[in-house]
Structure formats: C-alpha cells, structure tokens
Amino acid sequence: MTDPSWVDDILLAGPPTDICLRLPEPVDRGTLRRLVEAAQTRLAAAGLRPGGAAALRLPPSVAYVVNLLATWRTGAQAVLLDHRLTDHEVDRALRRLTPQVVVAPVRTGGGALRVFLDVTEGVTPYADRPAGSAHAVIQLSSGSTGPSKVIGRTAADLVAEVHRYTLIDGVARAGERIILLPSMVHVLGLVGGLLHGLHTGVELVPPQRLSGDAILAAVAAQDTPATVLGVPFHIGLLASTRPAGPLPQLVRMTTGGELVPAAVARAFTDRFGVPLGNMYGMTEVGVIGTDLYGRHRPAITPAPGIQVREVGGELLVSCPASPYVGLSDPTRWSDGWLHTRDAGTVDPDSGRVTVAGRLDSQVSVGGLKVDLSEVEATVAELPGVGAAVVVWDDGITAYVQPDGPLTEETLDDLLAERLAGYKRPRTLRLLDRLPRTTTGKLVRSAPALRAAAS
C-alpha cells in the first residue's frame with residue numbers, strides 16, 4: 001500500500017481557516033483534519049489496518065468525505081459502494097472484495113432531493129484479511145451497457161490526475177467555487193470535484209436540493225466565481241429554470257458522462273450566456289480530454305499527459321497498467337493502452353478527439369450500415385423530446401422520454417422527415433422517465449429498457 005502521507009501533502013495541506021465545504025455551514029480545513037483524525041481512531045478500533053480495506057456505503061455527506069480521507073490516511077484501500085445499490089448488490093461486492101470494515105449509515109437526515117445528506121455512520125468489522133490489491137480506491141463501473149466491472153486506481157494514479165486538473169485551462173482555481181452535483185462515489189465528482197477542490201483550494205458547494213432553483217441559489221449565495229459541475233441530466237434542470245436576476249458569479253458549467261445533444265447545449269448557453277464545457281473520461285483513467293469553453297463541440301483536447309489514438313475506428317487511451325481487478329481481458333487493456341469501446345476519430349493536425357458514440361452502435365439493416373448514435377441524436381433533438389435512447393432489439397428501437405405533448409405518431413412523422421427509411425426506428429416507446437445509472441447516464445441495456453417500458 002502506498003505511503004499515506006500523500007493525503008496530508010496533496011489534499012489536507014493549507015491554512016486551517018480555508019473553507020473546504022459549504023453545506024451551507026462552512027467546513028474549514030482545520031475542522032476537516034480533526035474530523036479525519038477522529039474517524040481514523042474509530043476505523044482502527046473496528047479493525048482497519050494499514051494494507052487493509054474499508055468499504056464505504058455512504059451517501060454524499062461530510063461522513064463520506066471524512067471516512068474516505070481517514071481510510072487513505074490509515075494506508076488502507078477505500079472500496080466505494082454507491083449508497084443506492086441494493087443489499088444483494090452490496091453483499092455480492094463485499095464477498096468478492098472482503099474489506100476489513102464496512103462503513104454505513106445508522107441515521108440519515110434530509111429529503112430525497114438533498115444533494116448532501118446529514119449522516120451518522122457506523123463501522124462494522126467484516127473480514128480479518130488484507131486488501132486484495134495495492135490500489136488506493138476500488139470503484140464499480142456504472143454499468144450503463146452491462147454488468148459492472150471492478151476498477152482499481154493507485155494513489156499515484158489519483159495524485160497524477162489531481163495534478164492533471166491543475167494544468168487544464170478553464171477548471172476552477174483557488175478562491176473559486178464548484179457547485180457540485182455528481183456523486184463523489186464516481187470519478188467525475190470524486191476527482192474532478194472533491195480531490196481537485198481539496199488540493200487547489202476550491203470551495204465545494206453542493207446545493208441544498210437537486211433542482212434548478214436550488215443550483216442557481218447556490219451560485220448566487222457567494223460573490224466568488226462559480227463553476228457548475230454535473231452530467232447532462234443536470235443541464236436539463238438549469239435549461240428549464242429562469243434565473244431571478246443577473247448571475248455574474250456563474251462562469252461556466254462543465255458536464256461529463258455522455259454526449260450533450262446540440263439543441264440542449266444551445267438552450268443552456270442561450271439562457272445563461274456562459275460556456276457549457278465538455279469533459280470526456282472513464283472510471284478506469286479519469287479525465288481523458290476536455291473542451292471547457294465549448295469552442296470545439298463535440299471534439300475535445302486530450303488532457304495533459306494523456307495520449308489518445310484511433311485504431312480500427314475505436315479510441316484507445318494510454319494507461320500504463322491494467323485498471324481491472326481480477327480481470328485480464330486483452331480486449332479491454334493491453335500493452336499500455338485501454339480500449340474505450342467508444343468509436344471516434346483523432347484529428348492528425350490538432351490532435352483533437354471526436355467521440356462518435358459506443359463502438360457497438362453500428363448495426364446492419366438490409367445490408368446497409370446504420371449508426372445508432374446518429375439515430376439517437378436525431379431523435380433527441382426533436383421538439384417535445386426530453387431524452388432518448390436508441391438500441392438494437394430485433395430491429396432499431398427508440399425509447400423516448402417526452403418533454404411536453406408527444407405521440408408515437410407525431411414522433412414517427414417527424415423522423416420520416418429527417419431519416420432515411422432504413423434508419424428509422426422500427427419500434428417507438430414513450431416512457432414517463434427513462435432509466436438511468438447511479439451516475440445519471442441513460443441505461444442502454446435492451447432488457448432493462450424493455451422492463452421499464454412494460
């Protein structure tokens with residue numbers, strides 16, 4: 001296990017009066033250090049040792065932040081379990097990863113739409129054995145297209161990514177704020193929000209509730225510049241919310257997770273007059289590339305130190321060691337390159353990368369090739385469509401979440417004007433709400449979508 005001094009050197013260093021979190025009560029760096037030290041004592045009493053592992057099944061909260069840092073400061077591995085997982089999913093993960101202790105809520109306060117919750121945690125011994133690998137963090141992939149993968153990253157990986165953020169033009173800097181919307185269990189909120197904020201001296205400000213009005217209120221609450229960090233789902237919240245007055249504090253919104261339809265991007269920038277930045281990344285490697293000023297959409301520029309190449313239509317990303325725990329699949333990682341399973345191109349002159357969607361989105365209809373991502377983008381930009389997923393399910397099938405009055409007949413007529421007959425969905429399904437993963441990505445599993453529609 002890596003020397004735990006990186007926690008103090010990279011994340012907790014700085015003046016004790018500097019504000020780290022604003023909930024809305026401020027949590028300064030000195031208070032955070034004391035809370036982390038107290039949590040270390042509790043974890044050790046329950047059986048956590050250097051080289052062991054602690055499973056954190058906590059919602060976004062001060063308790064989550066404190067126990068995560070305390071685990072790393074102990075020299076142990078943090079296994080991050082999304083609090084929305086079922087008991088069955090958690091039990092399966094614990095049997096596989098066998099942490100020494102499990103940290104879970106014994107009391108939770110706050111409503112369902114709260115971004116940060118008031119949590120009192122309990123620590124329970126689980127298995128008296130060391131961690132199964134030397135990784136600092138274990139995460140489960142979001143599973144938008146299939147079963148979750150177990151992904152490990154070392155402390156050196158995390159430190160390198162934190163430093164990478166400091167070199168990207170357009171990220172929040174010391175003295176500024178991040179209005180934090182994504183979960184810190186997943187890579188965008190964890191590194192792009194929490195770790196970057198702690199290292200750089202950026203205040204992390206979760207809104208009181210997950211609503212457009214609450215997000216804008218968090219922006220307006222202080223005079224310092226604010227960047228809203230979220231996923232495309234959160235753009236919809238803001239694009240449908242009209243600010244009560246000028247918001248000079250808002251400097252940009254940055255999203256990751258999946259491609260943003262052009263119409264959604266235009267609606268946001270027209271309403272707020274600030275850039276909508278794009279960030280492309282994966283749990284396995286963190287941030288891969290960015291376009292934080294929205295100048296090259298949908299293309300992104302590789303992040304410093306990251307190499308991207310295109311082989312056979314697939315994007316490959318430099319990754320020195322396999323990030324997968326207990327998996328040695330050469331179709332996912334080999335010879336220092338991670339296979340993203342995303343289709344895309346790399347411009348030979350500028351080096352910019354354009355992500356064209358999932359590699360498995362290419363299908364054959366009557367001998368003609370159809371890119372399902374093109375069909376999905378066309379459906380998503382139609383009037384009255386809030387979100388859409390297009391999959392192959394014994395034919396091209398579109399699942400649509402309306403944003404206003406919409407019928408399948410109207411939808412089919414609109415698509416007939418925009419798509420060749422062989423590209424048009426054979427089946428159209430309207431759902432009140434499309435299923436999403438815990439990170440906010442739209443689920444693309446045909447069986448899961450069929451189940452949601454029924």
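Predicted model: local features only at pLDDT ≥ 70, side-chain atom pairs only at ≥ 80, totals over all residues.
Biologist: At roughly what angle do the axes of α8 and α9 cross?

Modeller: They cross at roughly 45°. Helix α8 covers residues 232-239, and helix α9 covers residues 262-272. Their axes come within 10 Å.

Biologist: Is the crossing of α8 past α9 left-handed or right-handed?

Modeller: Left-handed.

Biologist: Which residues meet there, in α8 and in α9?

Modeller: From α8, look for Ile235, Leu238 and Ala239. From α9, look for Val264, Ala267, Phe268, Arg271 and Phe272. Sorted by class, this contact holds 7 nonpolar residues, 1 charged residue and no polar ones.

Biologist: Now α2 and α3. How do their axes cross?

Modeller: Helix α2 spans residues 29-46, and helix α3 spans residues 62-74. The axes come within 8 Å and cross at roughly 65°. Angles of 65 to 115 degrees count as roughly perpendicular, so α2 is roughly perpendicular to α3.

Biologist: And which hand does α2 show as it passes α3?

Modeller: That crossing is right-handed.

Biologist: Which residues make the contact between α2 and α3?

Modeller: On α2, they are Leu32, Leu35, Val36, Glu37, Ala39, Gln40 and Leu43. On α3, they are Val62, Val65, Val66, Asn67, Leu69, Ala70, Thr71, Arg73 and Thr74.

Biologist: How do the residues of that contact divide by class?

Modeller: The contact of α2 with α3 has 10 nonpolar, 4 polar and 2 charged residues.

Technical notes
Residues numbered from 1 in each chain as written. Heavy atoms only, no water. Axes fitted to C-alpha atoms, helices over the stretch in contact; angles between N-to-C directions. Helix = DSSP H or I, 4+ residues; strand = E, 2+ residues; numbered from the N terminus. Left-handed = near helix turned anticlockwise from the far one by under 90°. Contact = heavy atoms within 4.5 Å. Nonpolar A, V, L, I, M, F, W, Y, C, P; charged D, E, K, R; others polar. Parallel < 35°, antiparallel > 145°, perpendicular 65-115°, else oblique.
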